[in-house]
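The tour goes from one group of aromatic rings to the next.

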Amino acid sequence: MDLILRGGRVVDPESGLDAVRDVGVSDGRVAEIGNSLAPGAPEVDVGGLVVTAGFIDLHSHVNTVAGLWLQAADGVTTALELEAGVTPVAAAYRMAAAEGRPVNYGFAASWAMARMEAVAGIAPEANLSAFLANMASPGWQRPAAPGQITVMLDRLSADLADGALGIGLLLGYAPASSPDEYLQVCALAAEAGTPTFTHARDLIEMVPTAPIDGAEEIVRAAGQTGAHMHYCHVNSTSQRHVDRVLALVGRAQAAGSRVTTEAYPYGSGMTGIGAAFLAPERLGERGLSPSSLIYAPTGERVASVDRLRELRAADPGGLAIIELLREDDPGDRELLMRSLTFPGSIVASDAMPLTWMGPRDPASAAAAAPPAWPLPRTAITHPRTAGTFSRALRLLTRDGGPFTLAEALTKCSLRPARVLGDRVPALRRKGRLQVGCDADIVVFDPGTITDRASYDDSTRPSAGIRHVLVNGTFVIRDGDVVTDARPGRPVRADPC
Ligand SMILES: [Zn+2]
């Protein structure tokens, strides 16, 4: 035995275990769970704390060690880039392995990057920054010719053969792409037995001229192709229409379609300021104005349409906070809770890469410096990067929250593991705290767990999370990051 976590409240949502137990860890796996395990290994007293499976984030765009520390400090032990995805996926796995990761990592194939290549000749670079830099260019958003769709599908097939975890579809970023193209991509996924992860097209309430309602489209693809459709951040793309969208999803699920949903408990979104739906003439569709946007690199609230045009032209991939729902409004807070408490809904962060304020020169000191903890105040992000899971647990289980701890934890670990478990054997050993499972473990205080990151202090780590182990190695110990730990391993599908 390498380690004994002594006397914690062990919660495993799959088996229903919720009792005081010792947990023995050996060779990166959970070796024993029981009462009074014999001594003989280093011990950590976790009395009074919850011991459970680490959180699996299906929606993380974080691509640096420093950003992943923030996620680990929020209980995340596996951070997967599935909505945007990356292409070519093999290069993304290579780069992550070469740099080392504190948490487990994995990638879906990227429809958007494959589309950029097929329609606009933009070579994919296997990272999100390259996508963000090109996202505003109209070239890649054009309707595709049949031959171009074939090229796209070939690229996605090659990524799936290389172990991609599914296909990510940033559909809302190319709203002129045809619904038929979407169905063809979903049919490819169905054939490969792999899930799709969609940022929905515009809802019909927002854009009455859309070729199809964004929510109907996802549900229809599940019914017509048989693909497992995962509906990303249903909170932010549905805004105040979330009841209509969730009812639609519920009907599809009842009819036997495989549609899953995820949500993050924040009223604001964040994306590249050059996104199609942030064009000045389109802001009204979502009830927004330029001042609903805060441009992260300078922290400025966008003052006018002219300033918005200027920023979109100069730095289309520059990240901006977008105020969608008001977190200080009880009605809007209730809408956010409905996305989170919807039966089966998964907690997923949409964690964003860090933006470094100050000089943009990539050779600048900040960009070149090795990651340091705590992060300097010049590193900023959306608070969801640092706080999604602890905020969700607080809202769901503390102060009269509607769920038991086990129910809430199911949304953070077991359900996300099940989304991928069909085709990815490694996920069947994650998201559970059982003998033989990977020792991806979070230890936290259920009475004090909470987010602390805010829009003004976005990289403040969560509170109440005491220890986090990834494959049996501490990445958070006594509430602090173990800065030299890189135990993260690739999560990859079997080649098909
Ligand atoms: Zn998205």
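**Rings and charges**

Start by selecting R477 and F474: the charged end of R477 sits over the ring of F474, 4.1 Å from its centre. A charge sits over a ring when NZ of Lys or CZ of Arg is within 6 Å of the ring centre and within 35 degrees of the ring normal. Next select R384 and Y264, where the charged end of R384 lies over the Y264 ring at 4.7 Å from its centre.

This is a predicted model, in which local features need pLDDT of at least 70 and side-chain atom pairs count only at pLDDT 80 or more, while totals for chains, interfaces and linings use all residues. Residues are numbered from 1 along each chain as its sequence is written, and side-chain values use heavy atoms, with hydrogens and water left out.

**Ring pairs**

The structure holds 9 aromatic pairs. Rings of Phe, Tyr and Trp (its six-membered ring) pair if their centres lie within 6.5 Å; planes under 30 degrees apart count as stacked, over 60 as edge-to-face and the rest as tilted.

Select Y93 and Y105. Their ring centres are 6.3 Å apart and their planes at 45°, so this pair is tilted. Y93 is in helix α2 (residues 89–99) and Y105 in strand β8 (residues 104–107), so the pair ties together parts 12 residues apart in sequence. Both Y93 and Y105 are buried (under 20% relative accessible area, 1.4 Å probe, protein chains only).

Move to F131 and Y173, with centres 6.2 Å apart and planes at 80°, so the pair is edge-to-face. F131 and Y173 are both buried.

Conventions:
Helix = DSSP H or I, 4+ residues; strand = E, 2+ residues; numbered from the N terminus. Buried < 20%, exposed > 50% of the residue type's maximum accessible area, 1.4 Å probe, protein only.
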